[in-house]
Amino acid sequence: MTSREAARFFDRFGKVAATAVLAGVACAGCSGGPGTAGPQSAMLRQISENELRDFESGLTAIGIRDAGSAGEVAARDFIATTLGANPGIEITEPPFDYVLWRDGGLDMSLDGPEGGAVPGGSLAFSTATPPEGITAQMVYVGTGTQPEYAMHSRRELEGKIHLVDTSEDANRALQYLNAQVFGAVGFIEMKSWKGEHGEPLVELGAVQPFATIPAVSVDQDTGARLKRNASQRLTIHSTNSTAPAQSVNVIGVLPGRPGEDDYVTVSAHLDSLATSLGAIDDGSGIVGLLEIAKVLASSYDLERSVHFAFFSAEEQNLQGSFQYVIGQNSKDIREHCRLMVEIDVAGIAGGESIIAAEPAEVGQQGLDDMTSIDFTKKTGSPASISDSLDPGSDVLWYIALGVPTYYETKSPFIYYHTPYDTPDRMDFNSLRYEVAVDAQMIADAAGATPRTR
Ligand SMILES: [Zn+2]
């Protein structure tokens, strides 16, 4: 696609703008108003905070589970075993081929009075540099939007290493694309915040797979140092590599009525980054799915099947879900998947709850379900519907197929993709409420009825 088409593509998935706020939204879907003992409250009662904690302990005891590692295999086994303990759930592990990116190490050094070694890390899928490295002056381009680039001349931009601020509203794929388009020889993302106790944060997610220049991330203080010394020369030397690899996704099916082909899918991603335990990203989703499976398998009869999809290689540019959804099952998913709910990054302490859903009625239903369990009062987080969708996770391929989708996350998560994404930073009360809403959405779409004994 052309750069203009690509920019439009990424713009479509730009960041959120709140269009509906929970406070004051009428609860269209619930009969007795907030907090009454409707079906939503019944679901909430069955989602156990203690079980979520137990699952999280079991998962994080494995350690880091990045794609291609022994931890990934152990996490797959943990999920298959825990999921398989539920009566009636059938588990398959469809294999897929993908391109595994490996961090081979990064060295950066700055010239000038504040010169010397520069700490940082390579973003996943950053290209390797030539053996001698890349040496160039830097230029600061704000958050790297097209209007900000328009304020610079070509001479200021071409052949330079572009320093880009992170921002709540910035889309990194688009920032990186702009840097490439405007002649950068290197891309440095500078963190715009620190941890609560001043921890230096270096966020190491993936850049787009069609990378042509090295992409590096640095903490806030290091970014400020580079910005002060932008006229000096920086050398970036990295030896990253890619290699063909194989993995499996873990799929559990809780069957609906015989003869019914339609189903509902709920997904989380089972892999983490190599630099982060991923307690929240996406441990929260993994344990959420395990808990929903337990509740539905033990207490409900289903009209339609529920598919529990644990995708791998998500942190490797969504390759596990791409192969499963687009490569292996696109026709079936397009024809039979009634709703796709994704849980990726839930249970964040504080912040605001944001729903991305399509079509709009799906988001409204989630908001109604939140209202009916007094979500904001019980978690302290206001909730709103965003008018655009987040491309940064596996839900992207379902959106591409036109399947109705529901995705809720809390923002901001300042420790996202850092070594500080650990279980002690989780808010299990919030996680329980978020998972209860997800479970209710799934139960409704699957035509679940409480089992009479
Ligand atoms: Zn994630």
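The chain contains 15 helices and 21 strands, taken as DSSP runs numbered from the N terminus (helices H or I, at least four residues; strands E, at least two). Its radius of gyration is 22 Å, close to the 22 Å that the globule rule gives for 453 residues, so the chain is as compact as a globular protein of that length. This radius is taken over C-alpha atoms, and the rule is 2.2 Å times the number of residues to the power 0.38. The model is predicted: local features need pLDDT of at least 70, side-chain atom pairs count only at pLDDT 80 or more, and totals for chains, interfaces and linings use all residues. Residues are numbered from 1 along each chain as its sequence is written.

The C-alpha trace spans about 75 × 45 × 40 Å along its principal axes. Buried residues account for 48% of the 453. A residue is buried if 20 or more other C-beta atoms lie within 10 Å of its own, with C-beta atoms placed from the backbone. Of the contacts between residues at least 6 apart in sequence, 83% join residues at least 24 apart. Contact here requires C-beta atoms, placed from the backbone, within 7 Å.

Two domains divide the chain: domain 1 (12-100 + 244-450) and domain 2 (104-239). Their bounds come from an automatic or database domain assignment. Their centres, taken over C-alpha atoms, are 33 Å apart. At the boundary, 15 residues of domain 1 are in contact with 16 residues of domain 2. The domain 1 side comprises seven nonpolar, six polar and two charged residues. In this count Ala, Val, Leu, Ile, Met, Phe, Trp, Tyr, Cys and Pro are nonpolar, Asp, Glu, Lys and Arg are charged, and the others, Gly among them, are polar.

The largest nonpolar core holds 124 residues, of which L289, V306, F310 and I442 touch the most other members. Helix α15 (residues 428-445) gives the most to this core, with ten residues. Domain 1 and domain 2 each supply at least three residues to this core. Such a core is a set of buried Ala, Val, Leu, Ile, Met, Phe, Trp, Tyr and Cys residues joined through C-beta atoms within 7 Å. Leaving aside residues up to four places away in sequence, I442 touches V264, V266, I292, V306 and V341.

Strand β18 (residues 352-358) is largely enclosed by the rest of the structure, because five of its seven residues are buried. β18 pairs with strand β20 (residues 405-411) in the antiparallel sense over seven bridges; pairing requires at least two DSSP bridges. Here E352 stands opposite S411. With strand β19 (residues 383-386), β18 pairs in the parallel sense over three bridges. In that pairing I355 stands opposite I385.

Terms used. Buried ≥ 20, exposed ≤ 12 C-beta atoms within 10 Å, placed from the backbone. Contact = placed C-beta atoms within 7 Å.
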